Amino acid sequence: MTWNPAMQAIPISGIRRMVNKAAELDDVIHLSIGQPDFPTPKHIIDAHIHALEAGQTGYTMDAGLPELLDTLATYYSDRYRSTLTSENFLITTGATEGIYLLITAMAAPGREFIVADPTFLLYAPLIRMLGGQIRSVPTRAEHGHQLDPERVIRLINPNTHAIILNSPSNPTGTVYPRETVEWICQEAAYRGVQVISDEVYDHLVLDDMEYPSVLTCSADLDHVAVVSSFSKTFSMPGLRIGWVVADQNTIRMLRRYHMFTTTVANTPAQWAGVAALVHDRSFITDMVDEYRRRRDRVVDLVSNTAGLTGYWPQGAFYIAPSLPPGVDASNIAMRMLEETGVCVIPGDAFGETSTDLLRISYSTSMEQIEEAFSRIQPWMERQPEMRDSKSG
């Protein structure tokens, strides 16, 4: 094959590198997994099966199953007291396709995109494939990986096309406060810059706070687009149903593009999505309570691990503590995996300035978390670069 040179913009996944190595080893504990460890609720499974048995296996409309579009419009309008209609939504094959559609439809040579560093690994390669440029805003563990809106706004220039937000964040678990999101949205609107908000973890907020969606922090939809999915909130990652929320003109354009990518999302899984939204959602509270319990314990364990500087993540199921200055997280993570059997993800998977971070996922049982740190802590104590270094 003779590849398009743009393929060079796609890196070897740092996550895949660690997981592939872990597959060669025995007795591995994964603090690396980015999906819920809770079972999909039975009524969602039943709806999926019923759709299959009822012959709902053909294509839907290009925008998605009408019943799901209507249900999403009602769900969002109730949650955010907005006036969204079904024409503000496009159903995609997971949030990944939604992100792909938005970024590749916008990116072009000379256009700049502002992103946090670290951030979800999908954004930068897609932008660079199309000749766009990244303007990164580094964040630090000692500051809770909070995004400084002043730094974001100072980076805006005539070439700035979009700002990408991800809150709660993968890989940091950081939730941006309302004032940060509002400030960025207001300045972006004033300067004609788009805002793409990846909100797949929007229900996994672990502290007592109202989630500040871009939809509630913007005066209108003219310059914003939100991507979300059922994967994290409803423990449905393999069913691959996501969506884009945007103004009607944006949705119409993306529908045309969508027809040349995945055509339509999985039909029976869309019916499962309807069931997820219209039936009992109390299990979400139970899931969040358990993540909160794990988060509290992981923060404590990190604070007592040599060499790690932690903080208080408020959402998702991740923490990204930093190592001492100059320590290569990729090297540490691989050695840790080989010598202790604990798999974490090094920060270089999520940003060029994040080479001193480790992403730790607590989407696993408390027993596994305790066992993992019982291996990690004495191992870290023995590493010369960690010795006498404790997080505050």
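**Cavities, sheet and rings in the predicted model**

The largest cavity holds about 60 Å³ of space. A cavity here is a set of points, on a 1 Å grid over the protein atoms alone, where a 1.4 Å probe fits but cannot get out; a pocket is an open set with protein on both sides within 12 Å along at least five of seven lines; and lining residues have an atom within 4 Å of a point. Grid points are joined across faces, edges and corners, and a volume is the space filled by probe spheres set on the points. This is a predicted model, in which local features need pLDDT of at least 70 and side-chain atom pairs count only at pLDDT 80 or more, while totals for chains, interfaces and linings use all residues. Residues are numbered from 1 along each chain as its sequence is written, and side-chain values use heavy atoms, leaving out hydrogens and water.

By this rule, two cavities of 30 Å³ or more turn up. Around the largest cavity sit Leu165, Asn166, Ser167, Tyr176, Val181, Ser197, Asp198, Glu199, Tyr211, Pro212 and Val214. Strand 5 and strand 6 (194-198) each give two or more residues to that lining. Helices (H or I, at least four residues) and strands (E, at least two) are DSSP runs, numbered from the N terminus. As for the largest pocket, its volume is about 660 Å³. Its lining counts 26 residues, with Gly34, Thr96, Phe120, Asn170 and Lys232 lying nearest its centre. Helix 1 (14-23) and helix 4 (94-106) each put at least two residues into the pocket lining.

Seven strands make up an open sheet in the order 2-8-7-6-5-3-4, and the pairing is mixed. Strand 2 (89-92) and strand 4 (133-138) have a single partner strand each, so these edge strands are left with one side that has no neighbour in the sheet. On average, neighbouring strands are turned by 20° against each other, direction ignored; axes are lines fitted to C-alpha atoms, for helices over the stretch in contact, and angles run from 0 to 180 degrees between N-to-C directions. Strands of a sheet pair through backbone hydrogen bonds, either parallel or antiparallel. Two strands count as paired if DSSP finds at least two bridges between them. Strand 3 (residues 112-117) and strand 5 (residues 160-166) run parallel, joined by four bridges, and isoleucine 114 faces isoleucine 163 of strand 5.

Helix 3 (residues 66-80) packs on this sheet, where it touches strand 2, strand 7 (224-229) and strand 8 (242-245), with a direction at about 120° to that of strand 2. Contact means heavy atoms within 4.5 Å. Helix 9 (residues 248-258) also lies across strand 2 and strand 8, at about 20° to strand 2.

Strand 2 itself pairs with strand 8 in the antiparallel sense, over four bridges. Isoleucine 91 has tryptophan 243 of strand 8 as its bridge partner. Phe89 and Ile91 point one way from strand 2, Leu90 and Thr92 point the other way, and all are buried. Buried means under 20% relative accessible area, exposed over 50%, and partly exposed in between (1.4 Å probe, protein chains only).

Phe89 and Trp243 come back among the rings, where ring pairs link Tyr75, Tyr76, Tyr80, Phe89, Phe230, Phe234, Trp243 and Phe283 into a cluster. Rings of Phe, Tyr and Trp (its six-membered ring) pair if their centres lie within 6.5 Å, and planes under 30 degrees apart count as stacked, over 60 as edge-to-face and the rest as tilted. The whole structure contains 14 aromatic pairs. One of them is the tilted pair of phenylalanine 317 and tyrosine 318, at 4.9 Å centre to centre with 55° between the planes. Phenylalanine 317 has a relative accessible area of 0%, so it is buried, and tyrosine 318 is buried as well, at 0% relative accessibility.

Most residues other than glycine have a negative phi, and most peptide bonds are trans. The bond from aspartate 117 to proline 118 is cis, with omega near 10°; proline 118 lies in the loop between strand 3 and helix 5 (123-129). The bond from serine 167 to proline 168 is cis too, with omega near -10°, and proline 168 belongs to the loop between strand 5 and helix 7 (178-191). Histidine 145 is not a glycine, yet has a positive phi of about 55°. Histidine 145 sits in the loop between strand 4 and helix 6 (149-155) and is buried at 2% relative accessibility.
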